[in-house]
Amino acid sequence: MNALSRLAAFATVLGLAFGAAALAGAAIDPTDEQAVVAGAGHGGAKDAAVAVSGLAVSEGGYGFEIDRAFFTAGEAAPFTFRITADRGRVLRDGYELEQDKELHLIVVRRDTATFDHVHPVKGEDGTWSVELNLREPGVYRAYADFKVDGKQRALATDLFVPGEFRPNRLPEPEPTGRAVPTAGESATELDVTIEAPALRAGSETPLRFAVTRDAQPFEQLEPYLGAKCHLVALREGDLAYLHAHPVQGGSEHGSDDGSTSTEAHGNEIKFAATFPTAGRYRLFLQFKTGGEVRTVAYTVEVAR
Ligand SMILES: [Cu+2]
């Protein structure tokens, strides 16, 4: 772990919280290793209820209406859907940008063996469309992650790919993962080590990731979705959803926004995470290098 502490890198500090655990107005010192999200209502109160999201197709007056739930394994096909608001009115406007996008679509097979993160295009009538290619048979969870009225929401539904489903077991926790290119083949093998000491339910904990190539710090990280990286965590059992919200220290004062000068080139990525309950979670970290998005997956264990 000394290697980690030696990495002199400014890092984008992000807050990770389930749905309603708003991070607005958070104050972060990006140079503080113990940086936590202040003013977010956690206050170190372990028993504070943390709302979860990603469990419902309709919530808080908003709905996720899909045009198809069945796909053929390995065949790219259009996926269209709408977000509805009060009394079924299709929501066309009012989406707030979150990590540079009005809506993020995450599709994960229910055993968490696959992970896709795409950005559908919105038509004038409010219909979102994107091409999906679900490669293997199984049941998938699709999350529409968007922000309206200042509140982050993740509505979710199941998608089905007929065929012989061979579910994978959730991998055991491992500190280092291989960063796999999302598309195409890359000759550069990158490893990403997670340092997540003493994760406890309901308490905010720093998570640190360090990117290396051949055991040397790898610093050629490019901005991805307006931040240094993107992180999603799913709870084992019900696939409740956490989406990382970048919390960029001092940006209001014109200092580091995580995407300029030397600050963007450190090989370390930091988050502050609050997991609502004890148990295992699957984390999907994404970052960009050489114009290519890479995904690393981890299993973490959260104690009571
Ligand atoms: Cu996205």
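Welcome! Of the residues lining the second largest pocket, 10 are nonpolar, nine polar and five charged. This is a predicted model, where local features need pLDDT of at least 70, side-chain atom pairs count only at pLDDT 80 or more, and totals for chains, interfaces and linings use all residues. Residues are numbered from 1 along each chain as its sequence is written, and side-chain values use heavy atoms, leaving out hydrogens and water.

**The second largest pocket**
- The space in this pocket comes to about 500 Å³.
- Its lining has 24 residues, and Ala 113, Thr 114, Phe 115, Val 180 and Thr 295 lie nearest the centre.
- Two or more lining residues come from each of strand 7, strand 12 (176-181), strand 19 (279-289) and strand 20 (292-302).
- A pocket here is an open set of points on a 1 Å grid over the protein atoms alone, where a 1.4 Å probe fits, with protein on both sides within 12 Å along at least five of seven lines; lining residues have an atom within 4 Å of a point.

- Strand 6 (residues 103-109) pairs with strand 7 (residues 115-118) in the antiparallel sense, over four bridges; pairing takes at least two DSSP bridges, and strands are DSSP runs (E, at least two residues) numbered from the N terminus.
- Opposite Val 107 stands Asp 116 of strand 7.
- Five residues lie between the strands of this hairpin, where Thr 112 takes a positive phi near 65°.

**Lys 270**
- Strand 18 (residues 268-274) holds Lys 270.
- Lys 270 counts as buried because its relative accessibility is 7%, and buried means under 20% relative accessible area (1.4 Å probe, protein chains only).
- Ala 210 is 60 residues from Lys 270 in sequence, yet their C-alpha atoms are 8.9 Å apart in space.

Notes:
Points joined across faces, edges and corners; volume = space filled by probe spheres on them. Nonpolar A, V, L, I, M, F, W, Y, C, P; charged D, E, K, R; others polar. Buried < 20%, exposed > 50% of the residue type's maximum accessible area, 1.4 Å probe, protein only.
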